[in-house]
Amino acid sequence: MNRHDIVRHLHESRNAAIVEYNGSNSDLDKSYAPGKWTIRQMLVHMADVELVHLWRLSRAWAEPGSPVYAFDHDRWVTALRYDERPLQTCRDMFLGIRNQIIWYVETQPKESFENTVNHSEAGIVPATKILNYLVYHTEHHIEQIQFARAGKLWTPEVAIVKPAQ
């Protein structure tokens, strides 16, 4: 994706996420499949992942080649008490960080998008790949939330949102 497309997708997925953060509280314990995360857990996770990706992008742009680390998503759900976190705070966190990321994408020098980080599992990752993944990640969880709210089973086979190649 080019800069214009990334910004457009960041705006669109931000707006769709805000709709879900502001959705019915009666749905928060629903899940898209048995044993999978609830809507509440996915919304909190989306806010935390924005923070992680802002940090990774900041490292790529300010300290190219810096190490960044994978994290255990499921351990965060328990250790960071996703079932107790206030969703309004998570929504505000998501919105503020997403807007900061959009500002960076709109204003960073073109050549900085090839700056990289050294991810503990994925190896050398350019800023463009971090951004493409962030767009996919948000759209992916929004799709799962929408399936859960509708009481439909979501599986990778029915996914509309696919990872960027």
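**Close-ups of the helix packing**

**View 1. The largest nonpolar core.** Tyr21, Ile39, Leu43, Met46 and Phe94 touch the most other members of this 24-residue core. A nonpolar core here is a set of buried Ala, Val, Leu, Ile, Met, Phe, Trp, Tyr and Cys residues joined through side-chain atoms within 4.5 Å, and buried means under 20% relative accessible area (1.4 Å probe, protein chains only). Two or more residues come from each of helix 1 (3-21), helix 2 (39-62), helix 4 (87-107) and helix 5 (127-149), with helix 2 giving the largest share, six residues. Helices are DSSP runs (H or I, at least four residues), numbered from the N terminus.

This is a predicted model: local features need pLDDT of at least 70, side-chain atom pairs count only at pLDDT 80 or more, and totals for chains, interfaces and linings use all residues. Residues are numbered from 1 along each chain as its sequence is written, and side-chain values use heavy atoms, leaving out hydrogens and water.

**View 2. Around Met46.** Skipping neighbours within four places in sequence, Met46 is in contact (heavy atoms within 4.5 Å) with Ala17, Tyr21, Phe94, His137, Thr138, His141, Ile142 and Ile145. A second, separate core has 23 residues, among them Leu54, Trp61, Val117 and Val125.

**View 3. Helix 1 against helix 4.** These two pack at about 170°, axes 10 Å apart (lines fitted to C-alpha atoms over the stretch in contact, with angles from 0 to 180 degrees between N-to-C directions). That makes helix 1 roughly antiparallel to helix 4 (over 145 degrees).

**View 4. Helix 5.** Of its 23 residues, 19 are buried. Just after helix 5, Gly151 takes a positive phi of about 75°.

Definitions and conventions
Buried means under 20% relative accessible area, exposed over 50%, partly exposed in between (1.4 Å probe, protein chains only). Angles under 35 degrees count as roughly parallel, over 145 as roughly antiparallel, 65 to 115 as roughly perpendicular and the rest as oblique.
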